[in-house]
Amino acid sequence: MRELVNSFPKQHKYLLASAGAILSILLMLPSESAVASKASAMSEVHYQTVSVGQEYPLPLSLSPAEQNVDESGESRQVKIKSGDSLATIFKREGVPQKTMLDLTRSGGEAKQFTKLVPGQYLNFEFSAAGELESLQYALDPVSTLVASRENDGGFRTEIELKETTSTTRYFEGEISSSFWHAADKAGLNDTLIMNFANMFQWDIDFALDIREGDTFYALVEQIYVDGEFAGYGEIVSAEFVNQGDSFKAVRYTDGSYYTPEGDSMRKAFLRAPVNFKYISSNFTKRRFHPVQKRYKAHRGVDYAANTGTPVMAAGDGKVIRSGYDKYNGHHVFLEHGGGITTKYIHFSKRKVKKGQRVKQGQVIGLVGATGLAAGPHLHYEFLVNGVHKNPRTVSLPKANPIAKSEKAEFLTFANQRINQLEHNKRLLLAMR
């Protein structure tokens, strides 16, 4: 083919080349149907002429999530500061005071929102329109105060309780220096240590009776809220071995502690009515008086303590004397049932008046050094039918035992608790 073209004259070659170029251009041009198709496609996407400065509506079919629109409102957690009230918090958060008034006047448990504790939190929930829908305040790990907006625009306030479960944990320890140190080493927290000491305080003087080698054992509630450990609850059963004597206690359903036989752990009188540093003078028939400089009987116990230390009533009773003289200084005498009288001498200040009724543990005065006293201390006397007894060794009357109607049920309950305690003791001993 190439040889044939080359044999043509030069002008014929030019003519053939021009014809080929024209044919190629014609082949590249679209057909009428193709142009119509293209125009149709353009009409489907709404192509139109636009002008500068003119607004044109655009159809949107996006979901709220695609448009970045939050229809769920807002949640906000606010920490309660010292001096805060519900009114100051609402103002700070930009919530109308009318909303606060509507909430606090809604009745039920709403008044508890006025008893806020610094360091705790309020949880606000707002609608997309910015209206308060819910306010939550945790009263404790289990209970939450919740105010929710009703359909009528008001609020309903109630306490919501989380699901709680409990198990028991076993603790034990041996004293080498002090009970507090041994209990802390065993894993008891400060609250449990104090509760343990309070449980046995009528039988054991934790300042003077504790000895090296004394042992203690306890079963304590472990509280779980929604499956999460929330802390320790009450001591359900315990034992303290002091100088070879065993004291056991069981917590019953009424919240009180009893011996396994049903006698109350609480006695009618406290063994010592003041938290003291040491005993400066014991009960004795012959003691050299540091002020009068002569030997005489000391018919009470002197508890050395700082001036101003609170002194408590050893038991329920009536104030039969509250006064001052040059020997006793400021003093208070109490009369109790069963012919028992207690005397509290050398106060710096008296807190009760003659004729007043007092309860065990009530503060009746403050430690001082008034009257014939060489230094700040409480002189405490215990009399039975007018006869002085040693407050540290006198047999203290027991408080009311378990009710007779509940005695059989209690004995079964107490036996289970004590057996559980003993089982844990044996198990830990075997593991060692």
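Let's start with Leu101. Leu101 sits in helix α6. Keep in mind that this is a predicted model. Is Leu101 buried, exposed or partly exposed? Its relative accessibility is 32%, so Leu101 counts as partly exposed. Now look for Ala87. Leu101 and Ala87 are 14 residues apart in sequence. In space, their C-alpha atoms are 8.9 Å apart.

Stay on α6 for a moment. The helix runs over residues 97–104. Which of its residues are buried? They are Thr99, Met100 and Leu103. These three cover an arc of only 100° around the axis, and therefore they sit on the same side of α6. What covers them? The cover includes helix α5, residues 86–92. It also includes three strands: β3 (132–138), β4 (143–149) and β5 (155–161).

Let me step back to the whole protein. There are nine helices and 22 strands. The protein has 432 residues, and 34% of them count as buried. Next, the contacts. Take those between residues at least 6 apart in sequence. Of these, 59% join residues at least 24 apart.

Next, a pair of helices. Two packed helices are described by the angle between their axes and the distance between the axes. Our pair is α7, residues 179–186, and α8, residues 190–200. Their axes come within 10 Å. They cross at roughly 130°. That angle makes α7 oblique to α8. The crossing is right-handed.

Who makes the contact? From α7, we have Phe179, Trp180, Ala183 and Asp184. From α8, we have Asp190, Ile193, Met194, Phe196 and Ala197. Sort these residues by type. Seven are nonpolar, none are polar, and two are charged.

Now α8 in its own right. Which of its residues are buried? Leu192, Ile193, Phe196, Ala197, Met199 and Phe200 are. Look down the axis of α8. The buried residues fall within an arc of 155°, so they line one face of the helix. They pack against α7. They also pack against four strands: β7 (215–225), β8 (228–242), β9 (245–251) and β10 (257–258).

Those strands bring us to two loops. Asp226 is in the loop between β7 and β8. Its phi is near 50°. That is a positive value, in a residue other than glycine. Asp226 has a relative accessible area of 49%, so it is partly exposed. The cut-off for exposed is over 50%.

Move on to the loop between β8 and β9. There we find Gln243. Gln243 is not a glycine, yet its phi is positive, at about 50°. At 45% relative accessibility, Gln243 counts as partly exposed.

Last stop: Asp325. This residue lies in strand β16, residues 317–325. Is Asp325 buried or exposed? Its relative accessible area is 19%, so Asp325 is buried. Buried means under 20%. What does Asp325 touch, leaving aside its neighbours within four places in sequence? Asp325 is in contact with His331 and Gly371. Now find Thr370 on the structure. Asp325 and Thr370 are 45 residues apart along the chain. Their C-alpha atoms are separated by 9.0 Å.

Terms used:
Residues numbered from 1 in each chain as written. Predicted model: local features only at pLDDT ≥ 70, side-chain atom pairs only at ≥ 80, totals over all residues. Heavy atoms only, no water. Buried < 20%, exposed > 50% of the residue type's maximum accessible area, 1.4 Å probe, protein only. Arc of directions from axis to C-beta. Contact = heavy atoms within 4.5 Å. Axes fitted to C-alpha atoms, helices over the stretch in contact; angles between N-to-C directions. Parallel < 35°, antiparallel > 145°, perpendicular 65-115°, else oblique. Left-handed = near helix turned anticlockwise from the far one by under 90°. Nonpolar A, V, L, I, M, F, W, Y, C, P; charged D, E, K, R; others polar.
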